[in-house]
Amino acid sequence: MKGLKPLEEKLGYTFKNERLLITALTHPSYASDHHEDSYQRLEFLGDAVIELSVSRILFDRFTKMSEGQLTRMRAGLVREETLGQIALEWELGGIIRLSVGEEKSGGAKKPSILSDVVEAIIAAVYLDGGFGQAFELINRSMSGRLEELRDYDELDAKSRLQELLQARGQASPEYVLAGQQGPAHSPTFMVKAVSGEREIGYGAGSTKRQAQQAAAKAALDFLTMNCEGR
């Protein structure tokens, strides 16, 4: 199959079992037409390998970050958009095996297919060379994106909370003053973040804006970690 050697050079890994890589590049439409295995099982495994590897990378690199921050950063890395970008860097579009119909419909450019193939290739490396090889490939592919995501995590928490709730089809956040303590010249404000009728975060600050930001950040941590918020 053409294109495998250039791909291995981009990956920095040479397969002992080349069939694994070929399967990772085989879309279900092509597999069905030619009675071969598709990348779907590899995709399932690759998703788990990527999530574990990214978790370890973030855990080691950002030692002061909270669990909620690490979880949000991991979600930013292990997503279709990021994996699709990696697929473009690996130039996968020209070598993915697609049916004639899928190829004509632009399958080689679909982010969903590109991200699936990246996951499948990671799994193929894992099966062929072990976790260490897969981890190094993921580390090389993700490292350049870490600082960008770190900057994103420090952006306005209220804006990020608004985006998250909109994406989940939930009510926009409202910020309710829950109390005020301390002298008039140096007060501390307490604010609740509410979505619909549910309180999702609580924060305090020396100004109402700071308290709202703190409440929004607490809400982000809560929604990220609480499956019921999804």
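**Charged pairs, then the sheet**

Tutor: Let's start with K10, which counts as partly exposed at 35% relative accessibility. On that scale, buried is under 20% relative accessible area, exposed is over 50%, and partly exposed is in between, using a 1.4 Å probe and protein chains only. Bear in mind that this is a predicted model, where local features need pLDDT of at least 70 and side-chain atom pairs count only at pLDDT 80 or more, while totals for chains, interfaces and linings use all residues. Residues are numbered from 1 along each chain as its sequence is written, and side-chain values use heavy atoms, with hydrogens and water left out.

K10's side chain meets that of E91 in a salt bridge, 3.5 Å from N to O; the term asks for a side-chain nitrogen of Lys or Arg within 4 Å of a carboxyl oxygen of Asp or Glu. K10 sits in helix α1 (residues 4-11) and E91 in the loop between α6 (80-89) and α7 (100-104), so the pair ties together parts that are 81 residues apart in sequence. Helices here are DSSP runs of H or I with at least four residues, strands are runs of E with at least two, and both are numbered from the N terminus. E91 itself is exposed, at 53% relative accessibility.

Across the whole structure, a search turns up nine salt bridges. Next up is R56 with D60, whose side chains meet at 2.6 Å, N to O. Both belong to helix α4 and are four residues apart, about one turn of the helix. R56 is partly exposed at 49%, and D60 is partly exposed at 41%. There's also E81 with R79, where the closest N and O atoms are 3.6 Å apart. Here, too, E81 is partly exposed, at 47%, as is R79, at 37%.

Then there's a network: salt bridges link R19, E36 and R97. R19 lies in helix α2 (residues 18-24) and is partly exposed at 45%. If you set aside neighbours within four places in sequence, R19 is in contact with E36 and R97, contact meaning heavy atoms within 4.5 Å. For a sense of scale, R19 and G68 are 49 residues apart in sequence and 40 Å apart in space, C-alpha to C-alpha.

L52 is exposed, with a relative accessible area of 52%. Together with Y126, L127 and F131, L52 forms a nonpolar patch on the surface with about 360 Å² of accessible area. Such patches take residues with over 30% relative accessible area and no salt bridge; like charges are joined within 9 Å and nonpolar side chains (Val, Leu, Ile, Met, Phe, Trp, Tyr) within 5 Å. The areas come from the Shrake-Rupley method with a 1.4 Å probe, and for residues only the protein chains shown count as cover.

Now the strands. There's an open sheet of three, in the order β1-β2-β3, with antiparallel pairing; two strands pair if DSSP finds at least two bridges between them. β1 and β3 (198-205) stand at the edges, each with a single partner strand, so one side of each is left without a neighbour in the sheet. On average, neighbouring strands are turned by 25° against each other, direction ignored. Axes are lines fitted to C-alpha atoms, for helices over the stretch in contact, and angles run from 0 to 180 degrees between N-to-C directions.

Eight bridges join β1 (residues 173-181) to β2 (residues 188-195), and G179 stands opposite M190 in β2. These two strands form a hairpin with six residues between them, and G182 in the turn has a positive phi of about 90°. On to the β2-β3 pairing: seven bridges connect these antiparallel strands. Here F189 stands opposite G205 in β3, and K192 stands opposite Y202 in β3. Helix α10 (residues 157-167) packs on the sheet, touching β1, β2 and β3, and its direction makes about 140° with that of β1. Helix α11 (residues 208-225) lies across β1, β2 and β3 as well, running at about 135° to β3. As for the turn between β2 and β3, that hairpin has two residues between its strands, and G196 there has a positive phi of about 65°.
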